[in-house]
Amino acid sequence: ARALARDGDLALLFPRLLAEAGADRARIAVLAGGAGRLASDLRAAARGRVMEAADPLSIPIGDGEADLIACEHLLSWHPDPAAVVREFRRALSPGGRVLVAAEPDYHGAIEHPPAAAVLGLLAGVLRKRGAETEMGRRLPSLFASGEWSASVILHSQGPIPGPAGEALEGMIAEVRASLSGAIPEAVLGRWEKEARAASGRGSLFLHLPHVALVATRLHGGRA
């Protein structure tokens, strides 16, 4: 059995998928950039049998040889996600699975109060940098053909209620790192002031939904 993976963090779902793929026999490949929880789990499970794969459009494995492919934050940044899914289809064995994790849906974000809203600004900057900020809600359509059986899982980033302490400070640092230089400092400063004030009142709330999908490659209409 072989498993291919890129960075991810679905800590509860992934170990089960890996076990079902046959972790004791699996050959593990980590796509370039995989440095998070999923990549670490795969490297540990592989016991040193790790193959690095740099290009999601050219996975270095034969047709139908993979039992598990996993990725995080990949399709929202790739210019041709449909082509990536076709490559997943080529590499997977019949009955093999793909786990697509942590794809955002900024359109479904919830923020309060409006004066402390920032996710719309962040989404605009990400789109200018080439990201598809609604990939989370697009995922099912990418796996809608009769070649796949797919299930969708909602896993959220946030919410961050106030007062939030370290979570608030972490969010402010992340927002500043993402938006600094892309929008005027005066705008960032006003947002931070409003966010801190709302947090102090206990009224700050940010919720950014992320979507995961587990799809099984079908063969002849059946897994």
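1. The face of H6 turned away from its buried side carries the exposed residues Glu166 and Ala177 (exposed means over 50% relative accessible area, buried under 20%, partly exposed in between, with a 1.4 Å probe and protein chains only). Helices (H or I, at least four residues) and strands (E, at least two) are DSSP runs numbered from the N terminus.

2. This is a predicted model, in which local features need pLDDT of at least 70, side-chain atom pairs count only at pLDDT 80 or more, and totals for chains, interfaces and linings use all residues. Residues are numbered from 1 along each chain as its sequence is written, and side-chain values use heavy atoms, with hydrogens and water left out.

3. Buried in H6 are Leu168, Met171, Ile172, Val175, Ser178 and Leu179. Because they cover an arc of only 135 degrees around the axis, they lie on the same side of H6 (the arc is that of the directions from the helix axis to the C-beta atoms). Their cover includes helix H4 (119-128), helix H7 (185-201) and strand S8 (205-217), with contact meaning heavy atoms within 4.5 Å.

4. After H6 comes Gly181, with a positive phi near 90 degrees.

5. In strand S4 (residues 66-72), 6 of the 7 residues are buried, so S4 is largely enclosed by the rest of the structure. S4 and strand S5 (residues 92-104) run parallel and are joined by 6 bridges; two strands pair if DSSP finds at least two bridges between them. Ala70 is placed opposite Leu99 in S5.

6. From S4 the chain passes through helix H3 (residues 81-91) to S5, a right-handed β-α-β crossover. Right-handed means that, with the strands pointing away from the viewer, the path from the first strand over the helix to the second runs clockwise.
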